[in-house]
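Please look through the sequence and the structure shown here before reading on. The briefing that follows goes through the chain as a whole, then its strands and its helices.

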Amino acid sequence: IKYFITRIRNVEEKFPAGKVSKSLSFLLLNRLINVCSPFLDKVIKEELGKISEFYEINPSLAAGSVLKEVYSETYKRLENDAAYLPEGFVDKQIDDCISYINLFFADFEKNKEKIETVLFDGNRINEIKNISATSFNGYIKGFFPLIVETDAGKFVYKKHECRNDVWMHNFINKFFSGHLYSPKCVADSDSCGFCEYIQTKRPETEKEIKEYYKNLGYCASLARVIGTSDLHSDNVVPNGTVPVIIDNELFLQPLNLHELDECKKDLKSDSGYWHYLNRSVLSRGMIDSPHSPVFNLKKIEITNTLKKQFIQGFSEGYDNALKNKDFIKEDLRQTSDLKVRRILRKMLYYRLWMFKSHYDKDLQYMNSVHNKYFPISETLCTYEYSRLSKGNYPYFYSYASSKDIYTDNNEILMKDFFSKSALEMAYERMDSMSAADKEFEIKLIEVSFSLLNEEACADKISVVAPNGEQFTLWKNKDGKIEVC
């Protein structure tokens, strides 16, 4: 931290006119620490190894005084030997951050009148009072959402496709009004967007908490009906009794031709129980881990009453969608040219791979690592390597009606990468809805609540799919739901 602070100390002086919060420097610092930690860990381990081979094998054995000495030596090495970080790496991260702020000001001036009309009911914006950010993003040059405070109010700037947010706002208002919300948004073609700022407000009273969990059930039904994914607790936040979906990059999801398995070489198919799992509420992020919106509200015990409220909301949302199936399908047709982000790897794997790409620059070695864990293609591997070597995690997307996969440069990386487009999958989800399917989904919800409840045992629980196949669910050591 000390090393990076010395490198970015004067970065704010390079920003354009206007008040820019120190949180931007903190975000840049956070990005550098996250991206560079594998490099730094290697240096620290080497220094520990000079003291004792046991410390190098297990750094946690080192006492505080030993670590203090090691950190001091690591700092000196960073100052004196740039080889421990890729050449020009830190400067590039700083330049990217400054360029990003410049892009924001240009996009803001271009869309100012629309922002005033849509987000602030026509009130004029005369002054930008502050620009800040709250989260680290390793993707696309570290472009993280900016919170912009003006004399008319706050809004959020996103440097990616936001027509999804516009569509989702209208869709939820039409079919889930009063139970869910997605912020208003101004989308500038497919390059960026300006979204309504939502102040998080936790439900407090017993009545409010019950209503909130019922509405979370509606959110789960939305995930089941059209396939909205990535609905973890950072992307679904409470505003009183209403869950607000603040990130719609993964609002629809295609089906991989190669469904990645991060631990095994075999590929998941779309037959048998995988057919149901690929389309179930369990795979959407709502109820499969302690970080889901259902289980992440602190100091709230997940009682049977709240579980019943959640299931009631899911059931009502499901029935309402089934009743309006034809209208929903008509709305979905409007999404055909929208970008759908696709996450192919966990960030952890990219961080480890970035470390290898610097210290083992042989692409053949990288391909062998890739093929061992991610058996897809050399084309994908080469693209990922090119991004990681520049300090960015790869970013992929498809169009809702397409099976091709694209890069962040808007280029087709692979044709027919997906076996089914996001729109095809959404239609399939709608067509597979039935009383038997709803019963199956509710059973999955009940089992997830049982497994993730702190007081519940971690025994395996079986569920029978509509075709008679059996699912087995259990909670792994990280607290997440596993299925086989």
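Contact means heavy atoms within 4.5 Å, and helices (H or I, at least four residues) and strands (E, at least two) are DSSP runs, numbered from the N terminus. This is a predicted model, in which local features need pLDDT of at least 70 and side-chain atom pairs count only at pLDDT 80 or more, while totals for chains, interfaces and linings use all residues. Residues are numbered from 1 along each chain as its sequence is written, and side-chain values use heavy atoms, with hydrogens and water left out.

**The chain as a whole**

- The protein chain has 15 helices and 16 strands, and 53% of its 484 residues count as buried, that is, under 20% relative accessible area with a 1.4 Å probe, protein chains only.
- Its accessible surface comes to about 22300 Å², of which 49% belongs to carbon and sulfur atoms; such areas come from the Shrake-Rupley method with a 1.4 Å probe.
- Among contacts between residues at least 6 apart in sequence, 69% join residues at least 24 apart.

**The sheet of E14, E15 and E16**

- Strands E14, E15 and E16 form, in that order, an open sheet of 3 strands with antiparallel pairing, where two strands pair if DSSP finds at least two bridges between them.
- The edge strands, each pairing on one side only, are E14 (461–464) and E16 (481–483), and neighbouring strands of this sheet are turned by 30 degrees against each other on average, direction ignored.
- E14 is joined to strand E15 (residues 470–475) by 4 bridges, and valine 463 stands opposite phenylalanine 471 in E15.
- Helix H15 (residues 435–452) lies across E14, E15 and E16, running at about 170 degrees to E14; axes are lines fitted to C-alpha atoms, for helices over the stretch in contact, and angles run from 0 to 180 degrees between N-to-C directions.

- A hairpin through 2 residues joins E2 to E3, and 5 bridges link strand E2 (residues 146–150) with strand E3 (residues 153–158) in an antiparallel run, with isoleucine 147 opposite valine 156 in E3.
- E3 also runs antiparallel to strand E5 (residues 192–196), joined by 4 bridges, and tyrosine 157 stands opposite phenylalanine 194 in E5.

**The crossing of H7 and H14**

- The axes of helix H7 (residues 206–226) and helix H14 (residues 422–431) come within 6 Å and cross at roughly 110 degrees, and H7 and H14 are therefore roughly perpendicular to each other, a term for angles of 65 to 115 degrees.
- The contact is made by Ala223, Arg224, Val225 and Ile226 of H7 together with Ala426, Arg429 and Met430 of H14.

Terms used
Angles under 35 degrees count as roughly parallel, over 145 as roughly antiparallel, 65 to 115 as roughly perpendicular and the rest as oblique. Buried means under 20% relative accessible area, exposed over 50%, partly exposed in between (1.4 Å probe, protein chains only).
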